[in-house]
Amino acid sequence: MASHQDQFRLVSPAINQEGKLPRKYTDEGQGAKRNLSPPLEWYNVPEGTRSLALVVEDVDAPDPSGPIVPWTCWVAINIPPTLKGLPEGFSGKEEEVGGDYASIKEGNNDHKVPGWRGPKLPSHGHRFLFRLFALDDELNVGNKVTKEKVLEAIEGHVVGEAELTTKF
């Protein structure tokens with residue numbers, strides 16, 4: 001069993017010990033910044049990784065008609081494995097940041113717009129699941145990237161997965 005040190009891990013320097021997502025990354029209340037994406041860092045990307053894909057969901061999102069249906073907050077694909085993370089407020093700025101970041105493609109969230117969309121919650125205590133997939137290939141899912149397309153495209157290509165759960 002690989003030790004914690006060697007594990008493929010996903011962390012956010014902005015999330016405190018209790019695992020709370022700071023308000024500034026949400027769409028709510030004092031101090032909320034418009035769709036400022038949280039900073040992420042990852043460690044020990046598996047060997048043979050050619051690209052990384054990120055999927056972030058509110059796993060406690062209630063469907064108005066009843067069931068809990070995860071709500072997609074952020075999708076990003078073709079993240080070069082040479083990168084060690086994404087800086088705060090990265091979403092929507094691939095071109096500006098440039099370099100290896102320029103190849104990253106952000107997909108549509110469930111607001112049907114690309115990029116990070118800070119949660120605006122009817123109730124608190126929701127869990128947000130950040131999943132980072134290490135893939136043995138780059139993804140080509142066409143111009144409109146969605147979580148569904150990504151999860152389908154990565155089948156058979158996942159060489160590792162790291163998760164981070166945070167609460168709001």
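1. Leucine 10 has tryptophan 42, in β2, as its bridge partner. Three bridges join β1 to β2, and the two run antiparallel. Strands here are DSSP runs of E with at least two residues, numbered from the N terminus, and two strands pair if DSSP finds at least two bridges between them. Keep in mind that this is a predicted model, where local features need pLDDT of at least 70, side-chain atom pairs count only at pLDDT 80 or more, and totals for chains, interfaces and linings use all residues. Residues are numbered from 1 along each chain as its sequence is written, and side-chain values use heavy atoms, with hydrogens and water left out.

2. The sheet is open, with three strands in the order β1-β2-β5 and antiparallel pairing. At its edges sit β1 (9-11) and β5 (85-86), each pairing on one side only. Between β2 (residues 40-43) and β5 there are two bridges: leucine 40 stands opposite leucine 86, and glutamate 41 stands opposite glycine 85.

3. On β2, Leu40 and Trp42 make up the covered face, while Glu41 and Tyr43 are on the uncovered one.

4. Now for glutamate 106, in strand β6 (residues 105-106). It is buried (under 20% relative accessible area, 1.4 Å probe, protein chains only), yet has no salt bridge (a side-chain nitrogen of Lys or Arg within 4 Å of a carboxyl oxygen of Asp or Glu). The nearest side chain of opposite charge is lysine 93, 8.9 Å away.

5. What joins the side chains of glutamate 106 and serine 91? A polar contact of 2.7 Å, meaning N or O atoms within 3.5 Å, one able to donate a hydrogen and the other to accept it. A polar atom of the glutamate 106 side chain also lies 2.6 Å from the backbone nitrogen of glycine 92.

How values were computed: Helices (H or I, at least four residues) and strands (E, at least two) are DSSP runs, numbered from the N terminus. Buried means under 20% relative accessible area, exposed over 50%, partly exposed in between (1.4 Å probe, protein chains only). Lys and Arg count as positive and Asp and Glu as negative; His and the chain ends are not counted.
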